[in-house]
Amino acid sequence: MDYARFVALRRPLWESFERDATAARKQRDLSYAAVEDLALRYRQVLHDHAWARVRFPGTGAAQLLLRLAVLGGTVLQREDEERFSIVRFFFVRFPAAVRASVPWIGVATALFLVTGLLGWAVAVYEPGVAVAILGPERVDALHRGHLWTESLTTTVPPSMSSSFIATNNMSVALTAWAGGALAGLGSLWVAMFNGFLLGAVFGVTARYSMAGELGEFVVAHGMLELTLILVCAGAGLGIGVALLRAGDLPRSIAVPRAAREGLVVLLGCLPWFLLLGLVEGFLSPSPHLAVLWKALLGLALEVCFLTPIALGWLRQSPSTPLEVSP
Amino acid sequence: MTTDDFSPELGTVLSLDNVPVELPLARVGSRVLAGVVDYFLLFLVVLLWSVGMITLSSGLGLRPGWGIGFWILGAFAIEYGYFAAQEIVTDGRTLGKRVFGLRVVARDGAAAGNGALLVRNLVRSIDLLFGVPLMALDPLARRLGDRLAGTLVVHQRKAHEELVVARLPTGWGAAETQLVESYLRRARELEPEARLALGRRLERFVDERAPGFLPGAPGPDPLPRLWNGFREGQP
């Protein structure tokens, strides 16, 4: 068959396929019959594309058919794109993604705790570490029985420190997450570095018998803040693992899939940092709020964050029967 | 005579059904240049935001702490959102990419999804360190963000997919078809001298290879004769 006859015979099919596939692309709920019909014509387009690619490479028909083949693949093989709903995202999608990352969150948490203990021990038994970590002015303040956190309410307005704290914590979480792109090493580094730093800071304050005061400062926001950073680091680790060990899937599919799941975790965590910024800027340094209330607030925040995640486990049946499609 | 006036390096990837798709990949040079333009524009946007916040704070009589607080949050959102927001809204193109005719697409050549565009831009901070050497070494010129998101950056090329040929001499193959299609498609955009010169060469080529295929005799402008011959008289 020559080119002109090929085009004349098949052109109506290509035009109708392009029209229907473009319309289907914008449509969410396609009927089974519509998908079946489109899939049949897609196969014809693929056949024509293969023919044109071999017999008439570089011609207008070959280029048109290539675009139609890509369009058809995109429409028919797209992954389930549900209508975005904030409620569904925070109560279904995000908790499920966190649950899937639990093994990696566990690894990040374990490393955080180990390096935290190490930091604490180093700071307690090596006095020079205090100056290296906190700087001489803050150590002087500890000598005089004052925590550096007291200045948060006197030197900087809480509204400003809230924003600064929130964006700083979000940067840490983003680094922990994006560090997964370095085969997970960046995520591990954030977990371990923050663990060491926190352990060392508590160790230093313990040397000056002020660990209790520091604990009072962090009790309202610290628990959830660390949870969020470790969850993001765990999601980053999941991406790093997919890079290193793609499993049965090609790496070009496994890695983007892991990154999309990781993205859900990250996006679900970020709003909490804004809330925590307000807590840390306004409530944590406040001398007017009793420690008990701060502790209860910290506990409540943690429970609010973890409840949708935990509920998903409770809802899961012990064994899911295999579904056989007709 | 070639059919393409612009032939950047092509990279072949496989679409979802293993259809080989040849994409004009954007290499490290054009991508770095687009990045430089974008980071300059990002700086300007942050500057505008700063001026706007100062004006707004003084206009509304906000306490300094609140003004700076909002400025910090806005600057953070601009820093992380500038690239992703533009790519999501304008189908894979930032202003810098527009300047250099680049576009982000999915690895199979289709339009990139919103999630993929977010992912590739959220690892930008790490790519500022490792991106350039990775792009230079990778056959598909991908940085870390592209690998994670499953995306590629390509040169935007006008698709030559218009079906302008309705009849051909018997036995003509792809090369001759491309030649005719290319001329008929571009004839009206060419300079008059170039259009006449190329048209006469093509007319002579057709008359030699397929005598009697083109209707009538050669005239001062070969385009109507070629057009009628290959389009069966369609205007």
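Leaving aside neighbours within four places in sequence, Leu65(A) is in contact with Trp14(A), Val45(A), Asp48(A), His49(A) and Ala52(A), where contact means that the C-beta atoms of two residues, placed from the backbone, lie within 7 Å. The model is predicted, so that local features need pLDDT of at least 70 and side-chain atom pairs count only at pLDDT 80 or more, while totals for chains, interfaces and linings use all residues. Residues are numbered from 1 along each chain as its sequence is written, and chains are lettered from A and ligands numbered from 1 in the order in which they are written.

Chain A has 14 helices and zero strands, these being DSSP runs numbered from the N terminus, with helices (H or I) of at least four residues and strands (E) of at least two. Its radius of gyration, taken over C-alpha atoms, is 28 Å, well over the 20 Å that the globule rule (2.2 Å times the number of residues to the power 0.38) gives for 326 residues, so chain A is more spread out than a compact globule. Along its principal axes, the C-alpha trace of chain A spans about 95 × 45 × 35 Å. An automatic or database assignment gives domain 1 (7-76) and domain 2 (86-315) of chain A, and their centres, taken over C-alpha atoms, are separated by 50 Å.

Of the 326 residues of chain A, 40% count as buried, which is to say that 20 or more other C-beta atoms, placed from the backbone, lie within 10 Å of their own.

Gly203(A), in helix α10 (residues 185-207) of chain A, counts as buried because it has 24 C-beta neighbours inside 10 Å. Not counting residues up to four places away in sequence, Gly203(A) touches residues including Gly119(A), Trp120(A) and Ala121(A), whereas 64 Å separate its C-alpha atom from that of Leu68(A).

Finally, the contact between the chains takes 45 residues from chain A and 46 residues from chain B. On the side of chain A that touches chain B, α1 (3-26), α2 (32-55), α3 (60-76), α9 (158-178) and α13 (251-283) each supply at least two residues.

Definitions and conventions. A residue is buried if 20 or more other C-beta atoms lie within 10 Å of its own, exposed if 12 or fewer, and partly exposed in between; C-beta atoms are placed from the backbone.
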